[in-house]
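Good morning, colleagues. I would ask you to look at the sequence and the structure as they come up, and then to follow me through them one region at a time.

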Amino acid sequence: MRRTALFVGLYTLAPLATIAFPLLSAVVMVEKGFKVDQSLVFAALSMLGPPLGTLLTALVIDRLERRACLTVLAAAMAALGTAFAASGTFLTLVLVGIAFNTAAATYGSILAVYATELLPTPLRASAMTCAWAGGRVAAALAPIILLPILSAYGPHAMFAVITAVLAASAALLLSGPPGLAGQAVA
C-alpha cells in the first residue's frame, strides 16, 4: 500500500509540470507579447523534446538509478521552467521549451520503469491503474489551476507553482525506495 500511495502521489503531481508546460507554454508566449502564429511555431518546435527524451532514455536507462535520475530531472524541469518564465527572446524560449519537454518525457519514461520495478507483480496492474487515474485527473485540472495564476500574477508565479510541485515530487522520490537498476525483477 505504501508503494502504491507513493506512485499515486508521483503520478498525480507529474502532470502539473509535464503536461501543464507543453499545454500552457504557448499561452505564456502570448502573455509575453508574441503573436499567436509565433506561439504556435514555438509549440510545434518544443514538441521535438518528447521524442528526443524518449530516445535518450532508451540509450541510458539500463545504467541509471531511477530515484536519483527522477530527482535530478525534477530539478532540471524546475530550473528550465524558471528560465522559460524569465526569457524573452524567441530562440531562447524555443530552446528552453525543447529542453523542458525532453526532461519531461525522460521523467515520464523513467517513472514508469521505476514503478514497474517496485510494485509487486500481483498488484502492479491495479496500482499503476490507480496511479495513472490520479495523473489523468491532475492533467485535466492543471489548466484550471494554473491559468488563473498566469492571468492574475504572470508566468513567474505560474512557474513557481510548477516548481513547488516538482519539489514535492522530489521529496516523495527521496522518501521512496531505490529502484532496481541492474537487478533482475522477475
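Ser126 lies in helix H8, where helices are DSSP runs of H or I with at least four residues, numbered from the N terminus. At 45% relative accessibility, Ser126 counts as partly exposed, a class that falls between buried, under 20% relative accessible area, and exposed, over 50%, with a 1.4 Å probe and protein chains only. Ser126 and Thr4 are 122 residues apart along the chain, and their C-alpha atoms are separated by 9.1 Å.

A word on the source: this is a predicted model, in which local features need pLDDT of at least 70 and side-chain atom pairs count only at pLDDT 80 or more, while totals for chains, interfaces and linings use all residues. Residues are numbered from 1 along each chain as its sequence is written, and side-chain values use heavy atoms, with hydrogens and water left out.

Let me turn to the pocket. How much space lies in the largest pocket? The figure is about 250 Å³. A pocket here is an open set of points on a 1 Å grid over the protein atoms alone, where a 1.4 Å probe fits, with protein on both sides within 12 Å along at least five of seven lines; lining residues have an atom within 4 Å of a point. The points are joined across faces, edges and corners, and the volume is the space filled by probe spheres set on them.

The lining of the largest pocket consists of 16 residues, and those nearest its centre are Thr18, Ile19, Ala104, Gly108 and Arg136. Helix H2 (15-18), helix H7 (90-118) and helix H8 (121-153) are the elements that give two or more residues to this lining. H7 gives the most, with 6 residues. By class, the lining has 11 nonpolar, 4 polar and 1 charged residues; Ala, Val, Leu, Ile, Met, Phe, Trp, Tyr, Cys and Pro count as nonpolar, Asp, Glu, Lys and Arg as charged, and the others, Gly among them, as polar.

Asn101 lies in helix H7 and is buried, at 2% relative accessibility. From Asn101 to Tyr153 the separation is 52 residues in sequence and 24 Å in space, C-alpha to C-alpha. Val94 is likewise placed in helix H7 and is buried, with a relative accessible area of 6%.

Next, the salt bridge. Side chains of opposite charge can pair when their charged atoms come close. The rule asks for a side-chain nitrogen of Lys or Arg within 4 Å of a carboxyl oxygen of Asp or Glu, and the count comes to 1 salt bridge. Which residues form the salt bridge? They are Arg66 and Glu117, whose closest N and O atoms are 2.6 Å apart. Arg66 lies in helix H6 (residues 66-86) and Glu117 in helix H7, so the pair ties together parts that are 51 residues apart in sequence. Both residues, Arg66 and Glu117, are buried.

Helix H6 also contains Ala85, which is buried, with a relative accessible area of 5%. Ala85 and Ala68 are 17 residues apart along the chain, with 26 Å between their C-alpha atoms.

Finally, I come to helix H5, where Leu52 is found. At 41% relative accessibility, Leu52 counts as partly exposed. Thank you for your attention.
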